[in-house]
Amino acid sequence: AFAVTGPLQDDDHGSTTRPGAAGALATWSTADHSCRAPLHPDDPLRLWIGGDSLAGSLGPALGELTGKSGVVQPVLDSRVSSGLLSRDFVNWPKLGGEDMTLYNPEAVVFIVGANDAKNIPEPAPRDPRWRAQYSALVEEMLTVLGANGRSVYWIGAPVMADAKYSARVQGVNDVFQEVIAKHPEVTYIDAYSLFSSPAGTFAATLPVPGGNVARVRGADGIHFTPEGGDLLAGSVFERLDPACRITDQAVSGEVKQTIEAKGSSSVP
């Protein structure tokens, strides 16, 4: 079940940076993702969270964080060991398209890359031919997720305990960022920096909201602990909340429970 799945300041180039949990800078695009208004418990924002097993930690955390507002209905679809390269195992464009039709989300959060990085030869991320092929897969998935004007939040894979593995993760994330740079309507969230030490290396423990330090990564050096899921969920919410005015429109006592798609798996 634990197989790999795998204050804000704008600069002059339209990106936003903020200190990461360990002092590193996390960078996002500043796409305008204004949501419809008003939101209401009887007509909540439809939020879909999907991806590999890292989504299995992120989904419950982000689902709880948004669902307690009463004006967001979260849906989770996490597929262990999946990625864009393993279409014979989980065909994400097909599955994602089916979820988009079934749940009709207005905003989507997607994280993959850990499995793709683990299952490719080390030189691949630097090979122009491989990068072109992988870029096409990212473009395809963005087309599926962003159809009908949906807001897309694409999360890069985090730093890993194994340095060689992390180098491949960086290569995969580079492709994500290159493709997303062509899509100003898409927000990229840099989980690699968020979960790195000040030196840019793997950090098993990090400062978390409230002034404490917590273990944010599992013993395998890959997955998130519940505290790590909360940390990433908080980073996503920092972008989603102002765009959709979730906190401003929250209704006390109208908690929405996260819906798990058939076949989805969450990581306890």
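The model is predicted, so local features need pLDDT of at least 70, side-chain atom pairs count only at pLDDT 80 or more, and totals for chains, interfaces and linings use all residues. Residues are numbered from 1 along each chain as its sequence is written, and side-chain values use heavy atoms, with hydrogens and water left out.

**The chain as a whole**

- The chain has 8 helices and 11 strands; helices (H or I, at least four residues) and strands (E, at least two) are DSSP runs, numbered from the N terminus.
- Of the 268 residues in the chain, 56% are buried, where buried means under 20% relative accessible area, exposed over 50%, and partly exposed in between (1.4 Å probe, protein chains only).

**Helix H1**

- Helix H1 covers residues 53-67, and its end C-alpha atoms are 21 Å apart, which agrees with the 21 Å that its 15 residues should span at 1.5 Å a residue; the expected span is 1.5 Å times one less than the number of residues.
- Shortly before the proline Pro 60, H1 has a kink of about 25 degrees at Gly 59; the bend at a residue is the angle between axes fitted to the seven residues ending there and the seven starting there.
- H1 is mostly covered, with 12 of its 15 residues buried, among them Leu 54, Leu 58 and Leu 62.
- The partners of these buried residues include strand S4 (45-51), strand S5 (72-78) and helix H7 (226-244).
- At the start of H1, a side-chain oxygen of Asp 52 comes to within 2.9 Å of the backbone nitrogen of Leu 54.

**Glu 106, a buried residue in a loop**

- Glu 106 sits in the loop between helix H2 (92-103) and S6, and it counts as buried because its relative accessibility is 18%.
- The side chains of Glu 106 and Arg 36 are joined by a polar contact of 2.4 Å; a polar contact is a pair of N or O atoms within 3.5 Å, and within protein one must be able to donate a hydrogen and the other to accept it, while residues adjacent in sequence count only if both atoms are side-chain atoms.
- Not counting residues up to four places away in sequence, Glu 106 touches residues including Pro 44, Leu 45 and Ser 151, with contact meaning heavy atoms within 4.5 Å.

**The open sheet**

- Six strands form an open sheet in the order S8-S7-S6-S4-S5-S11, with parallel pairing. Strand S8 (186-189) and strand S11 (259-260) stand at the edges with a single partner strand each, so one side of each has no neighbour in the sheet.
- Two strands pair if DSSP finds at least two bridges between them: S4 and S5 have 7 bridges, while S5 and S11 have 2 bridges.
- S4 is largely enclosed by the rest of the structure, because 6 of its 7 residues are buried.
- S7 and S8 run parallel and are joined by 4 bridges, with Tyr 153 opposite Thr 187 in S8.
- Both faces of S8 are covered, as Val 186 and Tyr 188 on one side and Thr 187 and Ile 189 on the other are all buried.

**The hairpin**

- Strand S9 (residues 205-208) and strand S10 (residues 212-215) run antiparallel, joined by 4 bridges.
- The hairpin has 3 residues between the strands, and Gly 210 takes a positive phi near 105 degrees.
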